[in-house]
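Visitor: Could you take me through one part of this model up close? I'd like to see how the inside is put together, residue by residue.

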Amino acid sequence: MALWLLRAARKRHRWPPPADLSSLFPFSSPRQNCNNPFAGRRNLGAPIPPRRHPCSWPPRPPTLLDGLPRSLSLASICGASGSTREDGGPRSPDGEVGTAAPPSWVDAYLPVSVRPYALLARLDKPIGTWLLAWPCGWSITMAATPGNLPDIKMLALFGCGAVLLRGAGCTVNDLLDRDIDIKVERTKYRPIACGVLTPFRGLCFLGFQLLLGLGILLQLNNYSRILGASSLLLVFSYPLMKRLTFWPQAYLGLTFNWGALLGWAAVKEGLDPAIVLPLYGAGVCWTLVYDTIYAHQDKEDDQKVGVKSTALRFGSFTKYWITGFGIACISNLALSGCNAELAWPFYPFLVAAAGQLGWQILTVDVSNRADCNRKFVSNKWFGALVFSGILFGRLAS
């Protein structure tokens, strides 16, 4: 009986259905859940608005790269001009400063905490490593036994050494030039210049690179160890040359081509001046060609900050000067190959290398930064042609 009375009372006092069904679900009301795009009354034919970006938890700790301009990719720190992206800041095809460069492999694959050090060592721009490694490869291949391939282990050691020594040289350069780099458009976003890395961390990284380089040097003979260690004097003093002389490119040539001496010594445990000195001289003249072209990218900024270079020294006579250095380079390579008794395949490749170098000199537009950079980067093919000529010349001898 009591149950029947309770049911009758419920029927008599039943509430009318609500006009808005959302009132039955208070946790879905817009007032209490403003982040829910589906809350409240909606027109089912209207497009669904995009969701807000969810907050990450736990929150990401701040990193060294948070201070970089958001409009720049990490590759633009020490990035290249134009499409090659080998050096310099982001630029348009005509060489003027433009938008940010596309991300490099450093951005894509390395952890955020490691990226500034990779950029400091220019790992995203391998052209410098190629230019340092080719004279080593020339010398090691020329020192091989006639009719045999060069020592692969030695080529691998010198390849790793080129990566480390080039990175150490870049670190020294950025430490000494941090006050200059910030004033130059192409270099102002280098890690130390823009403050992403402190000079102390740069010094620690330099010590790490030199320690690894020492491990490679210790695997060579005693003569090569002494010869290799002596190159550090050139590496550490080169950044100062642009403050003292208009010929820092010549000093860079002495530094970058030391491997022409060291590679022969590592195989032969001594030096043959009739072979290695012309080879070394050819490398120095080659460096004067490509680094003078490279220096034309910065000549306006160099004049403002008081930095010297062969680009400023030669001026409008640049092509005449680098033509002379190019002829000297090819002549010395021919003399070295002749003294080393390389067979005939060496000379067609040398002619092709001469053509590549002549193409650079004749077609470069020294007033166009992007074109200067393209010609500079193309020197890896010059080095490859010379190496191929020495290799096939030695195999056929």
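Predicted model: local features only at pLDDT ≥ 70, side-chain atom pairs only at ≥ 80, totals over all residues.

**A look inside the core**

Guide: Setting aside neighbours within four places in sequence, Leu333 touches Trp138, Leu279, Ala282, Phe346, Leu350, Phe382 and Val386. Zoom out, and Leu333 turns up again in the largest nonpolar core, which has 69 residues. Leu333 is listed there among those with the most contacts inside the core, along with Trp138, Met142, Phe158, Trp286 and Phe382. Helix H11, residues 273–295, supplies the largest share of this core, with 13 residues. There's also another core apart from this one, made of 9 residues, including Leu120, Ala168, Leu175 and Ile192.

Now follow H11 to its partner, helix H14, which covers residues 318–339. The two pack at an angle of about 155°, and their axes are 8 Å apart. Angles over 145 degrees count as roughly antiparallel, so that's how H11 and H14 run relative to each other. The crossing of H11 past H14 is left-handed. On the H11 side, the contact includes Leu279, Ala282, Cys285 and Trp286; on the H14 side, Phe325, Cys329, Asn332 and Leu333 are among the residues taking part.

Searching the whole structure turns up 0 disulfides. As for two other cysteines, Cys194 has a relative accessible area of 28%, so it is partly exposed. Cys338 is partly exposed too, at 49% relative accessibility.

Terms used. Residues numbered from 1 in each chain as written. Heavy atoms only, no water. Core = buried A, V, L, I, M, F, W, Y, C linked by side-chain atoms within 4.5 Å. Buried < 20%, exposed > 50% of the residue type's maximum accessible area, 1.4 Å probe, protein only. Helix = DSSP H or I, 4+ residues; strand = E, 2+ residues; numbered from the N terminus. Contact = heavy atoms within 4.5 Å. Disulfide = S-S within 2.5 Å. Axes fitted to C-alpha atoms, helices over the stretch in contact; angles between N-to-C directions. Parallel < 35°, antiparallel > 145°, perpendicular 65-115°, else oblique. Left-handed = near helix turned anticlockwise from the far one by under 90°.
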